Amino acid sequence: MTSKFAFRSIIAAGAFALVAAGGVAIAQQKPFEPQVGQAGKDVVWVPSPDGLVTAMLDMALVTKSDYLVDLGSGDGKTVIAAAKRGVRAQGIEYNPDMVALSRKNAAAAGVTNLATFTNGDIFQTDFTKATVVTMFLLPSLNVRLRPQLLKMRPGTRIVSNSFDMGDWTPDQEAGAKGDCTSYCRAMLWIIPAQVNGSWKTANGQLVLDQKYQMLTGSMTNAGSTSQISEGKMNGENITFTAGGRTYTGKVNGNSIQGNGWTATKG
Ligand SMILES: C[S@@+](CC[C@H](N)C(=O)[O-])C[C@H]1O[C@@H](n2cnc3c(N)ncnc32)[C@H](O)[C@@H]1O
């Protein structure tokens with residue numbers, strides 16, 4: 001009696017285990033569904049509105065020769081939108097389920113040839129290859145990334161959904177295309193060439209004091225010194241006014257080739 005009872009118990013327990021295992025299997029088959037606001041490593045997931053993704057890609061003037069990297073790429077929507085424009089694009093995302101979902105979304109959109117996704121931490125993953133960086137993070141994370149961004153090739157465009165870069169003012173701002181209820185503004189920064197310091201010109205000296213893309217300083221021409229105004233870098237293009245003349249030129253390392261003037265660092 002006792003052993004019969006024990007045997008029945010074993011069968012019942014076995015059946016329960018099978019049902020439980022089946023339940024697990026069913027639960028494992030259920031596709032991953034991201035939840036707006038779900039935790040992320042450094043910031044939660046909220047997708048950028050479609051109209052803002054359009055505005056971000058428009059303001060970065062992306063072309064087929066660009067390589068776009070979305071830092072914290074979520075479900076991959078920015079990367080996929082860029083790939084649909086014929087741009088090679090890579091997402092870096094910490095959450096492996098979001099990476100798998102992004103790859104599935106890219107396949108459904110028919111852009112796996114251009115859209116790739118890396119499962120990793122944006123602070124540990126090399127993205128120096130990018131010519132356009134997009135992000136929807138937090139102001140504190142943008143500021144943490146700022147030194148790394150400023151070392152990128154001059155002319156690289158950085159576009160952020162809603163959040164700024166601390167005291168580095170944007171070169172442009174734009175609103176979302178079409179209907180948008182939240183996170184509807186984007187900012188663009190163009191990585192400036194580094195020109196801070198003293199330059200020799202044919203007629204004297206140019207002293208540039210650079211803060212991000214903004215320039216102040218002075219120009220000495222045949223012994224007469226003028227303060228610089230409206231000085232600005234746009235990637236490797238320099239422009240400023242001194243002594244009533246507007247100077248423009250292109251910076252190439254330690255030399256500037258200008259409109260009727262040249263300068264050499266030192
Ligand atoms: C606000 S969502 C933006 C998603 C997407 N870029 C977009 O605009 O729709 C931020 C994403 O960053 C991811 N994330 C947070 N910290 C990260 C980190 N350190 N490295 C990589 N991804 C991260 C989150 O998992 C989330 O998917």
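Modeller: Start with Lys211, which is partly exposed at a relative accessible area of 49%. Keep in mind that this is a predicted model.

Biologist: Why is Lys211 called partly exposed?

Modeller: Exposed requires over 50%, and buried requires under 20%. Lys211 has 49%, so it counts as partly exposed.

Biologist: What makes Asp167 and Lys211 a salt bridge?

Modeller: The cut-off is 4 Å between a side-chain nitrogen of Lys or Arg and a carboxyl oxygen of Asp or Glu. The closest N and O atoms of Asp167 and Lys211 are 3.4 Å apart, so the pair qualifies. The two come from distant parts of the chain: Asp167 is in the loop between β5 and β6, Lys211 is in strand β9 (residues 204-211), and 44 residues separate them.

Biologist: How do you know that Arg146 and Asp167 form a salt bridge?

Modeller: Their side chains meet at 3.1 Å, N to O. The limit is 4 Å, so this pair counts as a salt bridge. Here too, distant parts of the chain are linked: Arg146 belongs to helix α5 (residues 139-150), Asp167 to the loop between β5 and β6, and they are 21 residues apart.

Biologist: Are these two partners, Arg146 and Asp167, buried or partly exposed?

Modeller: Arg146 has a relative accessible area of 17%, so it is buried. Asp167 comes to 44%, so it is partly exposed.

Biologist: What makes Glu236 and Lys250 a salt bridge?

Modeller: Their closest N and O atoms are 3.7 Å apart. Glu236 sits in the loop between β12 (229-234) and β13 (237-242), and Lys250 sits in strand β14 (residues 245-252), so the pair ties together parts 14 residues apart in sequence. Glu236, at 30%, is partly exposed. Lys250, at 44%, is partly exposed.

Biologist: Which residues are joined into one network by shared partners?

Modeller: Salt bridges that share partners connect Lys41, Asp42 and Asp121.

Biologist: How many salt bridges does the rule give?

Modeller: The count is eleven.

Biologist: Why is Gln38 called buried?

Modeller: Its relative accessibility is 16%, and buried means under 20%, so Gln38 counts as buried. Gln38 lies in the loop between α1 (2-29) and α2. Leaving aside residues up to four places away in sequence, Gln38 touches Phe32, Val44, Trp45, Asn95 and Met98.

Biologist: Why is helix α2 called largely enclosed?

Modeller: Helix α2 covers residues 50-59, and seven of its ten residues are buried, so the rest of the structure largely encloses it. The buried ones are Gly51, Leu52, Val53, Ala55, Met56, Leu57 and Met59. They pack against β1 (67-71), α3 (77-84), β4 (132-135), β5 (157-161), β6 (172-175) and β7 (185-190). Just after α2, Leu61 has a positive phi of about 50°.

Biologist: How do you know that strand β8 pairs with β9?

Modeller: Pairing needs at least two bridges. Five join β8 (residues 197-201) to β9, so they pair, and they run antiparallel. Trp199 has Leu206 in β9 as its bridge partner. A hairpin of two residues connects β8 to β9.

Biologist: What makes β8 and β16 a pair?

Modeller: Three bridges join β8 to strand β16 (residues 262-265). The threshold is at least two, so the two strands pair. They run antiparallel. Thr201 has Ala263 in β16 as its bridge partner.

How values were computed: Residues numbered from 1 in each chain as written. Predicted model: local features only at pLDDT ≥ 70, side-chain atom pairs only at ≥ 80, totals over all residues. Heavy atoms only, no water. Buried < 20%, exposed > 50% of the residue type's maximum accessible area, 1.4 Å probe, protein only. Helix = DSSP H or I, 4+ residues; strand = E, 2+ residues; numbered from the N terminus. Contact = heavy atoms within 4.5 Å.
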